[in-house]
Amino acid sequence: MTQPDHRYWMTRAIELAGHCPTAAGAFSVGAVLVADGQQLATGYSRESEPKAHAEEVALGKLDANDPRLRRATLYSTLEPCSQRATTTRLPCTDRILAAGIPVVVIAWREPSTFVADCVGVEKLRQHGIEVIELPELAEAAKAMNRHLDLS
């Protein structure tokens with residue numbers, strides 16, 4: 001079995017993040033779900049409505065019982081949220097766990113811009129999810145978020 005091309009799929013997610021409508025109070029994020037070398041679904045922030053997160057949009061395009069999710073990799077340009085700042089919706093980490101996705105690849109970790117202490121990576125790892133970070137693509141993933149304070 002060949003290794004997945006993490007850089008290729010993350011670059012695809014970064015392209016999707018570029019489609020996000022700019023919002024003063026939200027990150028622009030892209031997400032791609034991949035299984036068996038095939039793209040299953042994509043999403044980007046605010047694609048379907050103003051509060052939608054990229055991971056939530058991508059997962060929403062598949063049946064929750066789709067067996068491919070159990071062998072999928074989720075590529076997200078930003079660390080999946082561990083809590084929602086402006087809504088009571090389920091955080092993306094909880095959605096990933098519920099879907100049974102075994103691998104998550106991110107370009108950068110969420111800064112404390114909206115949530116003081118995002119622990120998405122830690123929470124996923126605590127539940128046995130393999131989390132791969134691609135810091136060499138972080139600047140490209142941050143590019144469409146320059147309208148925010150990224151400290």
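Two strands pair if DSSP finds at least two bridges between them. I start from that rule, since my notes end up among the strands. The model is predicted.

**Entry 1: the elements**

I counted the elements. The protein has five helices and five strands. I then read their order from the N terminus: α-β-β-α-β-α-β-α-β-α. Next I looked up the radius of gyration, which is 14 Å for the protein. The globule rule gives 15 Å for 151 residues, so the protein is as compact as a globular protein of that length. I also noted the span of the C-alpha trace along its principal axes, about 40 × 30 × 30 Å.

**Entry 2: cover and contacts**

How much of the protein is buried? I found that buried residues make up 51% of the 151 residues.

**Entry 3: strand S3**

I picked out strand S3, residues 73-78. Is S3 mostly covered or mostly open? I found it mostly covered, with six of its six residues buried.

Which strands pair with S3? One of them is strand S1, residues 30-35, which pairs with S3 in the antiparallel sense over four bridges. I noted a bridge here: Val34 has Thr73 in S3 as its partner.

Strand S4, residues 103-108, pairs with S3 too. This pairing runs in the parallel sense, over five bridges. Here I noted Tyr75, which stands opposite Val105 in S4.

**Entry 4: Thr73**

I stayed with Thr73, a residue of strand S3. Why does Thr73 count as buried? Its relative accessibility is 11%, and buried means under 20%. So Thr73 falls on the buried side of the cut-off.

Which residues does Thr73 touch, leaving out those up to four places away in sequence? I listed Val32, Leu33, Val34, Ile101, Val103 and Val105. Val34 is also the bridge partner of Thr73.

**Last note**

I close on S3: it pairs with S1 in the antiparallel sense and with S4 in the parallel sense.

Key: Residues are numbered from 1 along each chain as its sequence is written. This is a predicted model: local features need pLDDT of at least 70, side-chain atom pairs count only at pLDDT 80 or more; totals for chains, interfaces and linings use all residues. Side-chain values use heavy atoms; hydrogens and water are left out. Helices (H or I, at least four residues) and strands (E, at least two) are DSSP runs, numbered from the N terminus. The radius of gyration is taken over C-alpha atoms; the globule rule is 2.2 Å times the number of residues to the power 0.38. Buried means under 20% relative accessible area, exposed over 50%, partly exposed in between (1.4 Å probe, protein chains only). Contact means heavy atoms within 4.5 Å.
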